[in-house]
Amino acid sequence: MNIVVDDEVRWSIDFLYMTGDLIAHNIWETTREENIKQIRDQAALFYEVLGKNIKIFPVLGNHEPHPANILAPPKIENYSGEWLYEAFFDSWCKHFPSEAKSTFMKGGYYTVTPTPGFRIIGLNSLFGYVFNWWMILDPKDPADQLQWLRDTLLLAETRREKVHILMHGPSVETDTLQVWNREYNRIIERFQSTIVGQFLGHTHRDQFYVYYSPRTNKPVSVAWNGGSVTPFTNVNPNYRIYTIHKQTLVNQRFIFNAVIETF
């Protein structure tokens, strides 16, 4: 299957969010070697189609590890996910600053500032995923990701930056660990004036989520799910194009577009 991107769209893109799940979902037939190959090949295809200068900001999905869904926290040395972090970062994140690699190699998360006043935070939702069985052993903020998120958002708030958060698995779905979900949502509420958008994947559906404060019952944040460039049960392929206001970085509008060339 080829997704057609016309030249007008291709050359108007400032940056691209890739929200995970590059690997086919035949979960009992994957291998580490094949997953690495798919990660590298698909990154190369993105850059070939969109141009080598396109800025892509990716996050890991639950199908990138082998076995699927299973990613050990850093303290489990004999089952380290370093092979995945290294292959993914080297393939997709070549334009990232060196400091972003240190946190990615620790736990698959990062932050970058592509333009002054604007920060992107990429999170690893596998450390809040109920089917990641390692979370039974170490459920308390694996890789210190939530603490890092809080500290990074505090830094952004101090600098008066606006933030987009990228994550594969929505924190409002039932397959997110309840404690992780609770603490993440507390962070979202605390920094509601700094976070102007969340961008998700996982469900393969064109959706949005509204976050409400459990204290005031008022909305505090919105998360967007752009669907999937591969077909899924009862849904067609799609991608989204967002137009962002330069001053507030709040989403002004979006365009749904999917053109399939061949199957």
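Leaving aside its neighbours within four places in sequence, with which residues is Tyr184 in contact? I went through this knowing that the model is a predicted one, and I noted Leu123, Leu146, Leu149, Ile165, Met167, Ser171, Gln198 and Tyr211 as the contacts of Tyr184 once those neighbours are set aside.

Entry on the core. I then looked up the largest nonpolar core, which has 60 residues, and found Tyr184 listed with Trp92, Tyr110, Leu149 and Ile165 as those with the most contacts inside it. The largest share of this core, seven residues, comes from helix α3, which runs over residues 82-92.

Entry on helix α6. I checked the length of α6 (residues 145-158) and found that its 14 residues, at 1.5 Å a residue, should span 20 Å, which agrees with the 20 Å between its end C-alpha atoms. For its buried residues I wrote down Gln145, Leu146, Trp148, Leu149, Thr152, Leu153 and Ala156. These cover an arc of only 155° around the axis, which means that they lie on the same side of α6. What covers them includes the helices α4 (98-107) and α7 (178-190), together with the strands β3, β4, β5 (162-166) and β6 (195-200). Just after α6, I noted that Arg160 takes a positive phi of about 60°.

Val112 stands opposite Ile120 in β4. The two strands form a hairpin with two residues between them, and Gly117 in the turn has a positive phi of about 85°.

Entry on aromatic pairs. I found 21 aromatic pairs in the structure. In one of them, the ring centres of Tyr129 and Phe131 are 5.5 Å apart and the planes are at 70°, so I recorded the pair as edge-to-face. Tyr129 counts as buried at 11% relative accessibility, whereas Phe131 is partly exposed at 43%. The rings of Trp224 and Tyr242, with centres 6.2 Å apart and planes at 65°, are also edge-to-face. Because Trp224 lies in strand β8 (residues 219-226) and Tyr242 in strand β9 (residues 239-244), this pair ties together parts that are 18 residues apart in sequence. Trp224 counts as buried at 16% relative accessibility, and Tyr242 as partly exposed at 23%.

Key
Residues numbered from 1 in each chain as written. Predicted model: local features only at pLDDT ≥ 70, side-chain atom pairs only at ≥ 80, totals over all residues. Heavy atoms only, no water. Pairing = 2+ DSSP bridges. Helix = DSSP H or I, 4+ residues; strand = E, 2+ residues; numbered from the N terminus. Core = buried A, V, L, I, M, F, W, Y, C linked by side-chain atoms within 4.5 Å. Buried < 20%, exposed > 50% of the residue type's maximum accessible area, 1.4 Å probe, protein only. Contact = heavy atoms within 4.5 Å. Expected span 1.5 Å × (residues − 1). Arc of directions from axis to C-beta. Phe/Tyr/Trp six-rings, centres within 6.5 Å; stacked < 30°, edge-to-face > 60°.
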